[in-house]
Amino acid sequence: MILFIYLLLNGIALLFFIKKRKNLHILEITAYWFLASYIAQNFSALCYMNFKTLHIPENLPLEMSHFASRINLYPVIMVLFLDYYLVTYSWYKKGFLIILFVAILTSVEWLNHFLGVLIHVNWQFWWSPSVWFGGLLLLIGFMKGYRILLFKGGQYK
Amino acid sequence: MNVKYDWNEWYFLISSVAALLSFWPIRKYFRPVLVLLIWMYNIFLVSSIDYFLIATPFKAYYFGDNPTYELSGALFHLFMYPCASLVFLYFYDKFELHGKQTVVYILGWTGFSVFYEWICVKNNALIYTGWKLLYSIPVYPAAAILLILFFHFIKNKYEDLAY
């Protein structure tokens, strides 16, 4: 049941992203997706394997639910954020967008907790938004540098 | 975490430096965007597969001293695999391999990769807790084919953008 919910959630998020009119180039989406997934996986891996502040129950459907989230759901949300961020010009709208997406990512993380997919142990709640805020800032910084490299033109090799 | 700086850490370090040195002479062959994308693709792929097979849902092997996420394992993700993939693509692209040549080339790299994995096991850099060397044999050609497909995809998209 939990796995079904996650597959549905992942499918809806992916479908929404595919159907949405995108502002990012496909080579941007690819790069940001890889980085976003790497951020989500490192966050989970370090806390689960080393610090023991996150616990994933040894139950295959729950583990597969978490796997789907870290390679699809989190990256979709984070790339969506960049897609909107790119066409947001005023600083207060950018601030609102960051707060909104930090809230969405934190909600997904805590949905994992309440559904028993990723259980927080000795966790301070403020760590969650802080991690996602840091992740989004990292992505924005990367996007700025990557776009310069990508769009400077010239032959491909 | 319970990490000792012993031989397996040296092994990771030496392997990563060797991979970087093998990439260094060809670093300017591909455009920086393509290098970056191939680099990121590799990090994404191997970190996803390793987390999947080391920690959750499977516990089939681990790197280094114990099943934690060690810096030495991250060195492999960040340097070893991307450099090896770029060297692989360099010869593939430079000699414009097609058809049977590509098959032979992939088989050659598969043989080398399985041999290298065996050396990792012998040096206690890679500890099997359910995995077998035999299982890796189909993984390497599959990864090579995926890498070639990804390379053609990004090369075509970048050419469209550049012209």
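**Close-up views of a predicted two-chain model**

**View 1. The contact between chain A and chain B.** In this predicted model, the contact draws 29 residues from chain B and 29 residues from chain A. On the side of chain B that touches chain A, α2 (32-54) and α5 (133-162) of chain B each supply at least two residues, and the largest share of that side, 12 residues, comes from α2(B). Sorted by class, the side of chain B that touches chain A holds 21 nonpolar, 4 polar and 4 charged residues. For the model as a whole, the scores are ipTM 0.92 and pTM 0.93.

**View 2. Helix α2 of chain A against α2 of chain B.** Helix α2 (residues 26-51) of chain A packs with α2(B) at an angle of about 35°, the two axes being 9 Å apart, and the crossing of α2(A) and α2(B) is left-handed. From α2(A), the residues A:Leu27, A:Thr30, A:Ala31, A:Phe34, A:Leu35, A:Ser37, A:Tyr38, A:Gln41 and A:Ala45 take part, and they meet B:Leu37, B:Met40, B:Tyr41, B:Ile43, B:Phe44, B:Ser47, B:Ser48 and B:Tyr51 of α2(B). The residues of this contact of α2(A) with α2(B) divide into 12 nonpolar, 5 polar and no charged.

**View 3. Helices α1 and α3 within chain A.** The axes of helix α1 (residues 2-19) of chain A and helix α3 (residues 60-86) of chain A come within 9 Å and cross at roughly 20°, which means that α1(A) is roughly parallel to α3(A). The crossing of α1(A) and α3(A) is left-handed. Residues of α1(A), among them A:Ile2, A:Tyr6, A:Asn10, A:Leu14 and A:Phe17, meet residues of α3(A) including A:Pro61, A:Met64, A:Ala68, A:Asn72, A:Val76 and A:Leu80. The contact of α1(A) with α3(A) comprises 16 nonpolar, 4 polar and no charged residues.

**View 4. The surroundings of B:Ala19.** B:Ala19 lies in helix α1 (residues 7-23) of chain B, and B:Ala19 counts as buried because it has 21 C-beta neighbours inside 10 Å, where the cut-off for a buried residue is 20 or more. Leaving aside neighbours within four places in sequence, B:Ala19 is in contact with B:Phe79, B:Met80, B:Cys83 and B:Ala84. Of these, B:Ala84 is 65 residues apart from B:Ala19 in sequence, yet the C-alpha atoms of the two residues are 6.3 Å apart in space.

View 5. In the loop between α2 and β1 of chain B, which holds B:Pro57, the peptide bond from B:Thr56 to B:Pro57 is cis, with omega near 5°. A:Lys52, placed in the loop between α2 and β1 (54-55) of chain A, has a positive phi, near 60°, in a residue other than glycine. A:Lys52 is exposed, because 11 other C-beta atoms lie within 10 Å. B:Glu96, in the loop between α3 (71-94) and α4 of chain B, likewise has a positive phi, of about 45°, although it is not a glycine. B:Glu96 is exposed, with 7 other C-beta atoms within 10 Å.

**View 6. Confidence along chain B.** The mean pLDDT of chain B is 92, and 98% of its residues reach 70 or more. Within chain B, confidence is lowest in strand β1 (residues 61-63), at a mean of 90, and highest in helix α4 (residues 99-122), at 96.

Terms used:
Residues are numbered from 1 along each chain as its sequence is written. Chains are lettered from A and ligands numbered from 1 in the order in which they are written. This is a predicted model: local features need pLDDT of at least 70, side-chain atom pairs count only at pLDDT 80 or more; totals for chains, interfaces and linings use all residues. Axes are lines fitted to C-alpha atoms, for helices over the stretch in contact, and angles run from 0 to 180 degrees between N-to-C directions. Helices (H or I, at least four residues) and strands (E, at least two) are DSSP runs, numbered from the N terminus. Angles under 35 degrees count as roughly parallel, over 145 as roughly antiparallel, 65 to 115 as roughly perpendicular and the rest as oblique. A crossing is left-handed if the near helix is turned anticlockwise from the far one by less than a right angle, and right-handed if clockwise. Two residues are in contact if their C-beta atoms, placed from the backbone, lie within 7 Å. Ala, Val, Leu, Ile, Met, Phe, Trp, Tyr, Cys and Pro count as nonpolar, Asp, Glu, Lys and Arg as charged, and the others, Gly among them, as polar. pLDDT is the predictor's confidence in each residue, from 0 to 100. A residue is buried if 20 or more other C-beta atoms lie within 10 Å of its own, exposed if 12 or fewer, and partly exposed in between; C-beta atoms are placed from the backbone.
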